[in-house]
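Subject: Handover of a structure and notes on its salt bridges

Dear colleague,

Please find the structure below, followed by a short account of what was found in it. I would be grateful if you could read the notes with the structure open.

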Amino acid sequence: MSLACFEVTPFRSNPLETKEDVRSFLTGLLDPLAPHTSPGGARIKLGHTGTHFDEVAAQLEGFARPLWGLAALLVGGGTYPGAERWSRGLASGTDPDGEEFWGNMRNKDQRMVECSPIGFSISVAGDTLWKPLNDKQKANFEKWLGGLNDKEMPNTNWLWFRVFANLGLSRVGSSRFDEKRMKADLDHLDTFYVGDGWSRDGPEGIVQLDYYSSSFAIQYAQLVYSKLARDIDPERSEEYRKRASKFAQDFVHYFDDEGRSIPFGRSMVYRFAMSSFWAAVAFADLELPAPLTWGVIKGILLRNLRYWAREPGAYNSDGTLTLGFCYPNHNLTENYNSPGSVYWCCKSFLVLALPETHPFWSAVEEPYPLDGLSKNPVVLSHPLHISVRTGGHTYVLSSGQQCSYPVKQSAAKYGKFGYSSAFGYSIPVGSLTLEELGGDSTLALSDDAGETWKARRVTLEARFETGENGQTWLRSAWEPWPDVRIETWLVPPDTTAPLWHLRIHRIRSARALLSAEGGWAIYGQGEDARALDPGAEDSEVFGTFESTGVARAASRAGVSGVAVLGAELERGGSRDGRALRTDANTNIVVPRAVLPTLMGTHAPAGQDQWLVTAVFGLPSRIGTIGAPSNWLEEWGKRPVLPQEISDLVK
């Protein structure tokens, strides 16, 4: 076992219950940046890894992103001795004759992203960050920030960054404020709206509704704008508030009752930025429908902050944030993630802008509203997800989303069948073996005897279907090769077997294939911290079990398993269960994982081949060891196929 002394963070003792607690958490993140800051304050360098953009822009990220939190702290009545570093940095970074100059912006320049926190900061905390600049410094700053108004930007959430730059220029009375450009950007951003509060991250045809549709960008930006621009754009501001109210009723399903959010999509290195939507709700003074009271909103946000404050792998020894998720993991990172990128998480400190009398702070924190959200599962139609919350396990079944441009590990980040708040998801660490693939919640296929594997990336024809009994499932198709087509049905649990969900696959292939279908990846070490040993099928002792048609793993993190159902066996199918030890650092929650997997062999066939799989998941509660006792009783149950799908299989 790991020693307790290695499982601490600088923030473990912080209860994160009050505004002062949250302020302390933020300043504890800001203080370690000082030794990494340039003399003029304009650049912060936290490591030596690269990005697709230049190093100066990477160091600008390190400078700008903490401003989300610092500006909120300052406008909320707080003080921070190190604030002068950022005020000096605004002058040094925009001085074209200085050695710390950030460089002028070009088309689609990464510098544009950082204009968002910079614009926000002078909008709300100009007294501390803007006023100390002399006239020449202000002129340099205005010229630099206004320099993005005539540049081309990606047709995505990036347009919000120019909106915030112009908001900042407007607030300080700058002649570089371009009202016409800001309105055009807002009008175009509004074309991304798809209904029920949701916006996609791009124009029509894009099927990408991830955390950029919510906390990382669009919803957050809309709410902040609705408060800052209420006097100049009241109609649009009110519309954004209405959207957020609808959106919140879906977005709440992406959080569990222990403080975790469901990892899904790209930019997971932003960690607790995933909960920043709730901070923006509070900042905008937005009253939400029941059961989303101020106490509930407060609880969702603060529990998420607590989870990350106590996650040791999120912090370097000097208190700076690591580049990864629950531990440093460069396999996860996109090519736009620099060591400073991770401070996008500071968006969640927006609640520091609120006075102590605000209902967010004055409300008594309430638990997650499990009773108020009793409907389960929940169909989330726009993101093509089905939310499930059973047995302490919160996850979504997913079919249809995909990144609209090349992004590292996109099949893992968007194409898996399920994403779990407890078990996370896994990513490839290589391009060959099954162990390298990290194939949890996937059907991986190989046409070269197992040397290389493919999983679902581009999803076709994704849709919801509802049976006569009212049960809804996801149906989709995908084609890993031109002569291979797979249809997949994802069926959430029912009351007969609440810890199991179903996957059914119809394979039509003109080539021989191997298949490997993974369940949830789970911590793969025993009580002695060594690899799990094989165990007996009828034992609840930590260990693995594998046999024909079944595989399972039990550890301190809970229980995960997969099983072939009778409908497949009745058609002559046979797959071997395997408790696969995936390569280190594939799973983003735990660096050592085991993956219950079903292995199959499929000859070229002129007729349909069916796979019918039940997937079991029961995570342990935070602070406890292992799944609740008597979990074998639930394991012994098996789900039943909806009649409509059963008829197809037969």
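In this predicted model, the side chains of aspartate 187 and arginine 236 form a salt bridge at 3.0 Å from N to O; the term denotes a side-chain nitrogen of Lys or Arg within 4 Å of a carboxyl oxygen of Asp or Glu. This pair joins distant parts of the chain, 49 residues apart: aspartate 187 belongs to helix α9 (residues 179-189) and arginine 236 to helix α11 (residues 234-251). Helices are DSSP runs of H or I with at least four residues, numbered from the N terminus.

Arginine 236 is buried at 13% relative accessible area, whereas aspartate 187 is partly exposed at 33%. Buried means under 20%, exposed over 50% and partly exposed in between, using a 1.4 Å probe and protein chains only.

Within helix α11, arginine 243 and glutamate 239 lie four residues apart, about one turn of the helix. Their closest N and O atoms are 3.0 Å apart, in a salt bridge. Arginine 243 is buried at 6%, and glutamate 239 is partly exposed at 31%.

Both pairs belong to a network of salt bridges linking Lys183, Asp187, Asp190, Asp233, Arg236, Glu239 and Arg243. The structure holds 42 salt bridges.

Residues are numbered from 1 along each chain as its sequence is written. Local features need pLDDT of at least 70, side-chain atom pairs count only at pLDDT 80 or more, totals for chains, interfaces and linings use all residues, and side-chain values use heavy atoms, leaving out hydrogens and water.

Yours sincerely

Technical notes:
Helix = DSSP H or I, 4+ residues; strand = E, 2+ residues; numbered from the N terminus.
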